[in-house]
Every structure is written in structure tokens, then in C-alpha cells.
Amino acid sequence: MNLIIRQSKICDPQSAFHNKTCDVLVSDGIIKKISEKISDKADQEIDGKNCMLAPGFFDLHVNFREPGFEYKEDIQSGCNAAAAGGFTGVLQMPSTFPVIQSRAGVELVRNRTVALPVDLEVAGALSSDLVGKDLTEMYDMHKSGALCFTDDKKAVQDAGLMMRALLYTKNFNGLIMSFPNDRSISGKGQMNEGVVSTQLGLKGIPAIAEELMIARDLKLCEYTDSKIHFSTISTSGAVDLIRKAKAAGLKVTCDVAAHHLLLNDSCLEEFDSRFKVKPPLRTESDITALKNGLKDGTIDAICSDHSPEDIENKQKEFDHAAFGAEGLETAFSAAYTSLKDILTPEQLFEKFSSGPRKIISLPSIRIAEGEKANFTLVDLSDQWTVSESDIRSKSKNNPFIGKKLSGKVKAVVNKGLYNIS
Amino acid sequence: MSSLSSKHLLGIKGLSVEDIELIFSTADNFKDVLNRPMKKVPSLRDVTVANLFFENSTRTRLSFELAERRLSADVVNFAASSSSVTKGETLIDTVNNILAMKVDIIVMRHPNAGAALFLSRHVNASIVNAGDGAHEHPTQALLDAYSIREKHGEVKGKKVVIVGDILHSRVALSNIFCLQKLGAEVMVCGPTTLMPKYISSLGVKVEHDLHKALEWCDVANMLRIQLERQDIKYFPSLREYMMLYGLDKSLLNSLSKKITVMHPGPINRGVEITSDVADSDQSIILQQVENGVAIRMAVLYLLAGKVS
């Protein structure tokens, strides 16, 4: 298959064509030619006028619900949502049923082929059944392709277990991801502890539940001389702790979920469970701190924390509604809307592409002749109001429905395939 | 003005001062009715009210039921323990099933904050919130403010301290909103573990010394300690709670002025207050109960106007 993307501006600092407006010819999944004007005809042409062509986005945190909860999301529908949101690769969390905690589980997901331009990578569970007691067979999973290990939102409570996981994976250069949450403090909390939770009479999740866990894990990281990645940090104190740890030379990275850059806890004033997420939406000053953390490099990547939930799990009394927001289709636009005056497009693309890939040791992507074609086409000037019909996931619990966002993904190309949003 | 600004009573937050004054003046009329030999009026004839209690309650339910019957409404009661809730039916389905039997007003108590608002968004009936989690309990706050008005002439300018478990208390939150709307000053007093960290953002004073709090106030509203609502221990023992936050006669007598003592009931005698305080002439606990029926009659009467 031949494909030409016409007249988009290439945004890839590694490329000789950086900041140039070009035609790009892709043939059988390889970039054959980049030139100001390509006169050949192709099977498919995409108009890239006013658009930027960036290395394909990668999402470090998606929950496709296969196996176990396919009615919320299966791999096919999840990859479809990813492609619509500009992601050419995603990291699937192990929180399925059964949990992805063995070579069999990893291979089940990795061997699943979908005819979509999205690479599906897997994180294995850190502890058996995610209950935080015994280590899983991480080496075996690593050999079969699991890129990192995490108990996802269950969060490892036992410091000794976290220490052993950090030590054990060091052997084969495995990566531990930690979602920082001290459950003895967050307890049955439903939202950020603050002025809004006080007015609503909802149990609060204090920022310190996140920050204490980061402080603990940083100490363990230092002690074991291992590397650690923090998933979806959300508080100003978390940014400070990680900034200091990086300055002290610890091997630490972190990401933030796109919705935490744009939404604060006042969204919950009407008890709308679409805004019930974990970690909870915080305050405006936390958002400012997260933006600063992205700017100064403390935060390495932006993810969607895509957590599809069906209506039965969301349309409930607030305490009973599930945590989580669907977000692949809107993650980039939400982040751009929040950060357009803070980061250059180049810096923003880095948080979506080379940033996350580097964390899990995937090669970075170049837009150059002879390279694999793996890129995302984005129109930053486009403004759009998100509607339910924009959501390709099986679940519709997207917090941005009805909201106006800036910047829109137009297409992705990867694996010799393309998808137009 | 003769009607409320909303077809529901979800919380004090959504009421205007005019709404509250209208409820009070309507309650004045019903209070006269309650003191007549014929205590019943025909105002809610042909209106059906369902009392849905997803959480245990004796007195609030009884108070609502009496209010409904004295307005000549048809009344059905639904308690969660004897219901389909245990069979996994959702709240919306449960309520829509009841509404299909032609019910006009739903009075609901529910253990989760926001449940009344949630229901009002998904079903087509007037909803009266009879307590939702630790969020609001509007009729309790209305009857408390009404009782203060009755005792002290007006609420404006009065100093009211709310004592006890502020963290888990919908009575505290609704009282704060209501008293502030009516121009009272509010202080909260209780153990630090039962005090929301951001409570002062609501514009209340915070005091942890009961004696100081009582010296400051005109009215003390002593909340019930609801151990059943606490999933973990917030203080070591009731004995120690009583030592720090229990109101007994000697403490009451040591104050430089005579304060009014309130309690939303049911009282744990010897915990929040001792018997001699509860039964003293400074206590208006039984007046609160009496006023509860009048306030609930007023609320139902005003909402029924919106139904038909």
C-alpha cells in the first residue's frame, strides 16, 4: 500500500526535515521519500495542510478490559480508540480478569492481532492477583515481552514487597511502576480532600496519601539502587518530591494523566461520577504545579489513564460508582488545551512520544527516509466540542463530553496501516 | 412569594433565604394546627408520598409520616432491609418501580452523599432529602433553625456552636449552611480526628475546647456520636469522649450566661449530654421534635403545590 501525507509540517528534532513542510510517501510501512513536493500518485492521500506530523504517540497507561470485562472494552475497541486519539502504541495494564501475571497472560495479549495501526505492549502484575503479597514470575513475563511490572491502582502497600520487587527486577533490568497511594490514609475516600469535599460531605483522599507513598518508594529506590516509575501523579507535593529525587540522581521517572492537567475537584460539585477518578481530580494549584513539572522535565510523559467503565458501574450513587475515566480519544487535546501556552509543540510531542517510549526502553521514532512509518498527524489550530459520537471506546465515561478542546488528531500511521480520526 | 424556588428539597445549599422564610411562616400555621384538637388538614388529599429509607431511622421517618398523614396524604413506607435492594436492584430502578404505582413525592434517606441529587436527575417526582450520607439533612437544619428562632426571636446575630463528630455529620453541614444563610455565627467544636481539615473554608470558627466554645455561644447543638457511621476508631473510648466533649450540669452551671441546649436525637444519655442537662429548662430538645413535624408539613405542603 502506498500512502502520501501532503504538506504537513514535520515536527521531529531528530529529523533532517524538522520544521519543514513536506510531502511524505509511505510504502509498505516504510517512509520511502520526504520531499517538498512528491508528484507520484498514491493509493491513499491524506491532506496534511495546517497540520503537524509528529512521531507516533505512546500511552503508558491504558486499561483494555480483555480478558474478563470485554463488555467495557476489548482489545479491538481499545486499539480503535487509541488510533483515534493519535496513539500508535499503548501499554496495557495487568488489571484484567484473570490478572496478567504469567507468561500465558502476557502472550494472550501480545499475540492478539488487530488490523489497526497500534502496537500493543503489556505490563505484568507485580504481585499475584494484585493483592500485594507474593511476587509474580516477573522474569518469565519479561522474557515473553512484558515491559514493566505494576499492581496498577491497587498500589503496593507493603514496603518490604516493594523493596523485593525493586531488587528482583534489577537483575534483568526490569522496570517497576508504582501508583502511589497509601490506603491506610486514602481509605474509603471518594474525591480530593479539600474545600469541595467538605461542602459535599464526601470522604476525602488527602494529597498526603500520594506523597507519603512517593517518599517511601524514593527511599526504597535509593536503597536498592533500582529504577522506578510513578504512574499518574497528581499533587503539587508529588512533583516536588520527584524533582528533588531527580536532582539527587535517583533513577526515577513519572507521568501524569491528561485529565489532571485540565480538570479540578470543583467538577464534582454536582456529584457527577464521570469525574470520579483515581487519583482524584485535585485543585488548581496542583494543576499549576503539574504544568511546571512538565515544563522543567520533572514529569516525563503524559498518559490517558484510559479506564473504560460501562454505564451500570458509573450511573450509581457516587460512593458506589467506579473510579476511572475513558480518555484515549481526548488525551492529546486535553493536554494541548492545558499546555499550549506552557510547552512548545515539540516539547508536548516529546511527552507523548519519545518521553514514554524511553521510560519503558522502546526505541524512539524518527521521521526520516528508510525508517518505519510511525507517526501522528495533528491539527493544533482545530477547536472541537467533544461529543459522544467521537468516542470509539465501548464505554462512554469520558469527562470531556460537552467540553471544548483545542488541537485535534487527524490521522495515525503505523505497521503499514493508517487510521483517519 | 408563595412557592419554593425548586420542586425538590435536596439540601439547604439550594435554598434561598426567601425559601427558608417561606417554610418558617408556613410551619407557623401548621404549628397552630398541631395544637388544635383536630390535627388534620386536607391539603395533601390525593397526593401519594413514599418514604424510602435505605438507612435505619425511627424518629425522622415517624416525623415525616406524621406530617404526611396530618396533611391527609396517602403514605407508603419502604425500608431497605425488606426490599429488593438486597437483591441487587439499582436505586433508579427501585424508585421508578415505586413511581409506576403513581407516587408523587419521594422522601428518601440514603447512606451515600449525593443520592438525593442523583435521584432527582433520573426520576420524575419531587424528592425530599431526609439525609444523604454525610452531605445534607435539610429538614433537620430547618427545624433546628426554626427552634432557635422560636426560643430567641430570631436567628440573625445568634452564636451557635455545633459539638461532636463534624466529619460524619450531615446535620452539622446542613446546620452550617442554614444558620449562615439566616445570619447566625457558627462555630464547630469536637475532637481533631472528627474535624474535616478544610472545615474553616465554610466560614465557621473552629474550637477544640468545649468550655471556651460554650462560653462563646448562645446556643449549643450537641450532635449524637454515631459509632455505627465510623468505619475506624477516631477516638479511644466513649469515656474519654465524654471527658472532653460531654456536657454535664456542672459545666453548664459554670458558664457566665444561660445558653440553650439542643440535640438532634436520639440522645446517648451520659455521652453527649447528661440526663440532668437534657431534662433541664435550658434544653429545647422536645420542642425540636415537635417543630420537626410542623417543618416537614410545611415542606411537603409547599412541594405538593409544585406537583399538581
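**Entry 1: where the chains meet**

I noted first that this is a predicted model. I found that chain B brings 25 residues to the contact and chain A brings 18. Putting chain B and chain A together buries about 1,700 Å², and carbon and sulfur atoms give 58% of that area. On the chain B side, B:Asn112, B:Ala113 and B:Tyr198 lose the most area to chain A. Those three together make up 27% of what that side buries.

**Entry 2: charges and polar pairs across the contact**

How many salt bridges are there between chain B and chain A? I got a count of one. It joins the side chains of B:Arg121 and A:Glu270, with N to O at 2.4 Å. A reminder to myself: side chains of opposite charge can pair when their charged atoms come close. I also looked up polar contacts between chain B and chain A, and the count was five residue pairs, both partners at pLDDT 80 or more.

Next I asked which helices of chain B supply at least two residues each to the side that touches chain A. I wrote down helix H3 (91-99), helix H4 (115-122) and helix H6 (170-181) of chain B. H4(B) gives the largest share of that side, five residues. By class, the side of chain B that touches chain A has 14 nonpolar, seven polar and four charged residues.

**Entry 3: a salt bridge inside chain A**

Over all chains, I have 30 salt bridges on my list. One I picked out is A:Arg110 with A:Glu121, whose closest N and O atoms are 2.9 Å apart. A:Arg110 sits in helix H2 (residues 103-110) of chain A, and A:Glu121 in strand S8 (residues 119-125) of chain A. The two are 11 residues apart.

I turned to the second largest pocket, which holds about 870 Å³ of space. Its lining has 41 residues, and A:Ser95, A:Lys153, A:Lys154, A:Lys278 and A:Phe323 lie nearest its centre. I sorted the lining into 14 nonpolar, 12 polar and 15 charged residues. Helix H5 (183-186) and helix H7 (207-224) of chain A each supply at least two residues of that lining.

Then I checked for cavities and found one of 30 Å³ or more. The largest cavity has a volume of about 40 Å³. Which residues line the largest cavity? I listed A:Ala258, A:His259, A:Ser304, A:Glu326, A:Gly327, A:Thr330, A:Ala331 and A:Phe400. That lining comes to three nonpolar, four polar and one charged residues.

Most residues other than glycine have a negative phi, and most peptide bonds are trans. With that in mind, I noted the exceptions I came across.

- A cis peptide bond joins A:Glu66 and A:Pro67, with omega about 0°. A:Pro67 is in the loop between strand S6 (57-62) and helix H1 (75-84) of chain A.
- The bond from A:Phe97 to A:Pro98 is cis, with omega near 0°. I placed A:Pro98 in the loop between strand S7 (87-92) and H2 of chain A.
- A:Asp152 is not a glycine, yet its phi is positive, near 50°. A:Asp152 is in the loop between strand S9 (148-150) and helix H4 (159-170) of chain A.

Terms used. Residues are numbered from 1 along each chain as its sequence is written. Chains are lettered from A and ligands numbered from 1 in the order in which they are written. This is a predicted model: local features need pLDDT of at least 70, side-chain atom pairs count only at pLDDT 80 or more; totals for chains, interfaces and linings use all residues. Side-chain values use heavy atoms; hydrogens and water are left out. On a 1 Å grid over the protein atoms alone, a cavity is a set of points where a 1.4 Å probe fits but cannot get out, and a pocket is an open set with protein on both sides within 12 Å along at least five of seven lines; lining residues have an atom within 4 Å of a point. Grid points are joined across faces, edges and corners, and a volume is the space filled by probe spheres set on the points. Helices (H or I, at least four residues) and strands (E, at least two) are DSSP runs, numbered from the N terminus. Ala, Val, Leu, Ile, Met, Phe, Trp, Tyr, Cys and Pro count as nonpolar, Asp, Glu, Lys and Arg as charged, and the others, Gly among them, as polar. Contact means heavy atoms within 4.5 Å. Buried area is the accessible area (1.4 Å probe) that two parts lose on being put together, summed over both. A salt bridge is a side-chain nitrogen of Lys or Arg within 4 Å of a carboxyl oxygen of Asp or Glu. A polar contact is a pair of N or O atoms within 3.5 Å; within protein, one must be able to donate a hydrogen and the other to accept it, and residues adjacent in sequence count only if both atoms are side-chain atoms.
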